[in-house]
Amino acid sequence: MRRAETILNIVRERGRRGLPLERVYRLLYNPELYHTAYGKIYRNDGALTPGSTEETADGMSLAKIEAITGALRHERYRWRPVRRIYIEKPRSNKNKRPLGIPSWSDKLLQEVIRLILEAYYEPQFSDRSHGFRPGRGCHTALSEIQRKWSGTTWFVEGDISECFGSLDHSILLSILSEKIHDNRFLRLIENLLKAGYLEEWRFNATLSGTPQGGVLSPILSNIYLDRLDKYVETTLLPNHNRKAERGYNPEYNYLRDRAKRLAKRGHNSEAEQTRKRTRSMPSRDPDDPDFRRLRYVRYADDFLLGFIGVREEAEQIKWQLKGFMRDSLKLELSDSKTLITHGRTQAARFLGYEVVVLHDDTKQSRRGRAINGIIGLKVPAEVVRAKCAPTKRVANQYTGRNA
């Protein structure tokens, strides 16, 4: 038997070269992959939480791996319905989201499939996607915005309504079949998607979506939403990125040259006053009609676009995205959360931070104004208050006892 890392490297190389993945179902027979999968998930918090059966990581054995691979060889493996519970959303007292808990054998097999899919698709994913990917996360997404989005005028905040529960099964399987040429493997995933869930021990069918909490859900959602990334990169970005840089501001150039002429004639006081006027205006034309920039970043089902241009074009970009997602992915953007915000006067919300464009002519460095146009990341005031609340309660109790 080949070692798991060797198998995954072969799969990874095919993904890097864009070659189709064939006879992938046979990889599921290899016990080495299950050993690797077990090493990745046995420490997880939910490893000892039973799903629709009493089976947990506690009863793991080589015999269990042999039972799984034996059922797969004869195509007799059957996914069990996940047990659905509801957990509270962060910073929400009322709203809850569903969480699916698979049985242990299903969880182990899902992790094996996830390892294979991640090895194959990871080299093909967009660099602008940061959610549920190795070496990437919230920090890399926010860092990209802070380092590369200087000068942004408008932010387009995108939020997909009920994303994980709305993924269309036929579209997902069609996307997978473009690169994976193995019907047995595709049928196995299709059966997983249709396995259903138990809520209050009553069976419910799953007609769309992937179960939140399922091991395979994050990679499947990334494969699905990679279509969105590719659409933005191949259609929206080329159409809304024009001209290498902004033109110079003619008024700024005039005052700068006038200050130089006054200084040469010895009118130093007047020259200094003229130079001060230039420090309160941009050196480049902020309304250059030929200059446009569009930037994009996505984390799971949240995405943000930064646009330099007029609001009408930002609105057009929003409606193009909405139309593509409805027609091609059968997903809907949340009207209440998909907003267009002005960077210098409003704050966009992304991954729990307020994203703003800084502006202060008084902040000077040797090169000139130091922070104008720079992206700032701020912690929302309500988050600060929530973090401080426990400390305030303790302080009030302490001062009350000593009063």
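A disulfide is a pair of cysteine sulfur atoms within 2.5 Å. I started my notebook with that cut-off, keeping in mind that this is a predicted model.

**Entry: cysteines.** I looked for disulfides and found zero in the structure.

**Entry: salt bridges.** Side chains of opposite charge can pair when their charged atoms come close. I read off 23 salt bridges in the structure.

My first stop was E13, which bridges to R16 with the closest N and O atoms 2.8 Å apart. Both sit in helix α1 (residues 4–17), three residues apart, about one turn of the helix. E13 is partly exposed at 33%, and R16 is exposed at 52%.

Next I looked up E122 and R133, whose closest N and O atoms are 2.7 Å apart in a salt bridge. Both lie in the loop between α4 and α5, so the pair ties together parts that are 11 residues apart in sequence. E122 is buried at 17%, and so is R133 at 7%.

I also jotted down a network of salt bridges linking E75, R184 and R187.

**Entry: N222.** I found N222 in helix α9 (residues 217–239). Is N222 buried or exposed? N222 is buried, with a relative accessible area of 1%. Its side chain makes a polar contact of 3.3 Å with that of R298. Among the residues N222 touches is R133, the salt-bridge partner of E122.

Methods: Residues numbered from 1 in each chain as written. Predicted model: local features only at pLDDT ≥ 70, side-chain atom pairs only at ≥ 80, totals over all residues. Heavy atoms only, no water. Helix = DSSP H or I, 4+ residues; strand = E, 2+ residues; numbered from the N terminus. Buried < 20%, exposed > 50% of the residue type's maximum accessible area, 1.4 Å probe, protein only. Polar contact = N/O pair within 3.5 Å; in protein donor to acceptor, adjacent residues only side chain to side chain. Contact = heavy atoms within 4.5 Å. Salt bridge = Lys/Arg side-chain N within 4 Å of Asp/Glu carboxyl O. Lists of a residue's contacts leave out its neighbours within four places in sequence.
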